[in-house]
Amino acid sequence: MAQIVSRVELNEKELELIWQILTAWAINPKEGRIVRTNSVQGLFNLLSQYSELEQDFRLTIDQVTKENIPSINARLSILNS
């Protein structure tokens with residue numbers, strides 16, 4: 001879901017729900033690293049369509065970055081370039 005959701009047209013309610021789910025997956029240390037990395041990517045992809053969510057995205061990224069997980073940090077490095 002995290003990989004394809006940004007390709008689907010969402011109404012406001014769907015966007016809110018999807019954003020919450022992806023954020024929860026991204027910040028949950030009990031989720032697998034692949035799920036977390038793909039969730040960060042999904043949030044980033046949605047951000048390109050819904051720029052008003054940038055502050056929420058930055059807060060999520062700040063929280064995830066503190067864990068210093070190499071796979072997520074590598075993805076963030078790619079997204080920031």
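## Basis of the model

This is a predicted model, in which local features need pLDDT of at least 70 and side-chain atom pairs count only at pLDDT 80 or more, while totals for chains, interfaces and linings use all residues. Residues are numbered from 1 along each chain as its sequence is written, and side-chain values use heavy atoms, with hydrogens and water left out.

## Helix α2

Helices here are DSSP runs (H or I, at least four residues), numbered from the N terminus. Helix α2 covers residues 33–49, which is 17 residues. From its first C-alpha to its last, α2 reaches 25 Å, close to the 24 Å expected at 1.5 Å a residue; the expected span is 1.5 Å times one less than the number of residues.

The buried residues of α2 are Arg36, Thr37, Asn38, Ser39, Val40, Gln41, Gly42, Leu43, Leu46 and Leu47. Buried means under 20% relative accessible area, exposed means over 50%, and partly exposed lies in between (1.4 Å probe, protein chains only). These buried residues pack against α1 (12–27), α3 (54–65) and α4 (70–80).

## The nonpolar core

A nonpolar core is a set of buried Ala, Val, Leu, Ile, Met, Phe, Trp, Tyr and Cys residues joined through side-chain atoms within 4.5 Å. The largest one has 21 residues, and Leu10, Leu22, Val40 and Leu46 have the most contacts inside it. Each of α1, α2, α3 and α4 supplies at least two residues of this core, and α1 gives the most, with five residues. In soluble globular proteins, nonpolar side chains tend to be buried together.

Contact means heavy atoms within 4.5 Å. Leaving aside neighbours within four places in sequence, leucine 22 is in contact with Ala2, Val5, Ser39, Gly42, Leu43 and Leu46. Leucine 15, in helix α1, counts as buried at 9% relative accessibility. Not counting residues up to four places away in sequence, leucine 15 touches Leu10, Leu46, Tyr50 and Leu53. Leucine 15 and tyrosine 50 are 35 residues apart along the chain, and their C-alpha atoms are separated by 9.2 Å.

Phenylalanine 44 belongs to helix α2 and phenylalanine 57 to helix α3, so that the pair links distant parts of the chain, 13 residues apart. Phenylalanine 44 is partly exposed at 28% relative accessibility, whereas phenylalanine 57 is buried at 3%.

## Salt bridges

A salt bridge is a side-chain nitrogen of Lys or Arg within 4 Å of a carboxyl oxygen of Asp or Glu. The whole structure holds two. In one of them, the side chains of glutamate 67 and arginine 36 meet at 2.6 Å, N to O. This pair links distant parts of the chain, with glutamate 67 in the loop between α3 and α4 and arginine 36 in helix α2, 31 residues apart. Glutamate 67 is partly exposed, with a relative accessible area of 33%, while arginine 36 is buried at 2%.

Arginine 58 forms a salt bridge with glutamate 54, the closest N and O atoms being 3.5 Å apart. Both residues lie in helix α3, four residues apart, about one turn of the helix. Arginine 58 is partly exposed at 35% relative accessibility, and glutamate 54 is partly exposed at 37%.

Threonine 60 is found in helix α3 and counts as buried at 5% relative accessibility. Apart from neighbours within four places in sequence, threonine 60 is in contact with Thr23, Ala26, Ile27 and Leu43. Asparagine 68 sits in the loop between α3 and α4 and is exposed, with a relative accessible area of 56%. Phi of asparagine 68 is near 55 degrees, a positive value in a residue other than glycine.

In α4, Ile72, Leu76 and Leu79 are buried. Seen down the axis of α4, these buried residues fall within an arc of 60 degrees, so they line one face of the helix; the arc is that of the directions from the helix axis to the C-beta atoms. They pack against α2 and α3. The face of α4 turned away from the buried side carries the exposed residues Pro70 and Ile78.
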